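Look over the sequence and the fold before going on.

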Amino acid sequence: MNPSATDWIPKLLNGFRPEDLLGSNKNEVDFYSDLKSVGFIFGVSVSSLLGKNVSSLQLTKEEYTKVNLFHALLTTYCYFNNTNNFSEAVPKIIAFYKQLERGKTGFFKKLTLSQTPTQELEHILSARLQETNTSLKKNNTSILTYALLYADVLAFMRWLDTPRAIKNYAKLLETLVISCCFLALKAKRKQTKYDRLLIELFESSSEYLIETASGTQVITLQNLSRLKKLNLLEKKYLLDICTIAVWDDHQMDLAEFKFLQDLIAFMQLSEDELTKSLKELSLFSEAYGSKIKLFEYSNPVRLFYKQSAATVKLLILRNKKRLQQELEESGELLVLLSQSTVRDLSEEERHKVKEQLLDVCKTIPSLTIFLLPGGTVLLPLLVKFIPKLLPSSFNENRIDPKKK
């Protein structure tokens, strides 16, 4: 199964028995713990709940996240309706996202007349990940990681029970989560420059501030009275998100711990819940060496380059053998690429490389992204990764790190 290709959902549903997909758990709290164990709650999915059997490919963090999001929504539907009829779940998930007005697909996707329900859902989930839960819209250089995607699952759970007020619920949940996260950031004694930037952005955004009787806008736990009305699962999730917010330095000072204690007391959770939350985050971080962050502050251009590089690298790895064959059959291109590693190519030579690379991309369907308008901007990234595919003789000056 390839989560970046069409029809991965039918492949997933047909490849596993219902009991394997639903697991042995029969309640949402146990399933939440399972999602945490694979990193979905932390925003860094390292695997799926189905283990290595989910795909023969080496999946990326984004692909694992997409699979886990679908798996969580599917399981939520089946738990709520006490059924294992997956065909009924897909239209319901689509209807939920449409009513929530999130994960909107692009214009050209809408023109695809032969789109099946599962294909439509695949596009919605991809778009949902692309949105990356952007917040504080006045400054889009600050983005939230995939850690907030579980809010979709909570909203879907509420929608199955009370569909009419789902947009209000989703907005309230987002406000509570973001507000508590920024209170956690403000509690940190040693704030990084990014912490201070995020706090400043938050304080300038009236969307998340509470207006008091005196007319001033402030944010405190006492003003977030709705926290007490959350159910157990919502409270556990909010506690985990706040724990992530203060965990980026892998240290817990007294002020941060005091805030988390105040939070669980205000939400009427036990000390055991806080101890468990901190322990699970610590163990996961140590086991996978993951840099768990709730916020990622990045320049839009740098973010575009980072995402583009990841996409190009994935395409190359997935088409490695075919690309190697095509490059080896293109003698002049191989010579020019080899020479480019030791000298600057002339304008004419660079033009030849560009044209011949595009010809190679035409023969591999997955690489047609480079033929689209503006796709040639990504060609330098393609050239950057190509040497890793070819024999060591391709670059005579390449230094083997192991021999340093």
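Phe42 and Phe284 are both buried, that is, under 20% relative accessible area with a 1.4 Å probe and only protein chains counted. The model is predicted, with local features needing pLDDT of at least 70, side-chain atom pairs pLDDT 80 or more, and totals for chains, interfaces and linings using all residues. Residues are numbered from 1 along each chain as its sequence is written, and side-chain values use heavy atoms, without hydrogens and water.

**Aromatic rings**
- The protein has 10 aromatic pairs, where rings of Phe, Tyr and Trp (its six-membered ring) have centres within 6.5 Å.
- The ring centres of Phe42 and Phe284 are 5.1 Å apart and the planes stand at 50°, so this pair is tilted; planes under 30 degrees apart would be stacked and over 60 edge-to-face.
- Phe42 sits in the loop between α3 (28-37) and α4, and Phe284 in helix α13 (residues 271-288), so the pair ties together parts 242 residues apart in sequence.
- A cluster of Phe96, Tyr97, Phe156 and Trp159 is linked by ring pairs.

**Lys66**
- Lys66 is part of helix α4 (residues 61-81).
- Lys66 is buried but has no salt bridge, meaning a side-chain nitrogen of Lys or Arg within 4 Å of a carboxyl oxygen of Asp or Glu.
- The nearest side chain of opposite charge to Lys66 is Glu63, 6.4 Å away.
- Beyond neighbours within four places in sequence, Lys66 has contacts (heavy atoms within 4.5 Å) that include Pro3, Trp8 and Leu129.

**Whole protein**
- Buried residues make up 48% of the 404 residues.

Methods
Buried < 20%, exposed > 50% of the residue type's maximum accessible area, 1.4 Å probe, protein only. Helix = DSSP H or I, 4+ residues; strand = E, 2+ residues; numbered from the N terminus. Lys, Arg positive; Asp, Glu negative; His and termini not counted.
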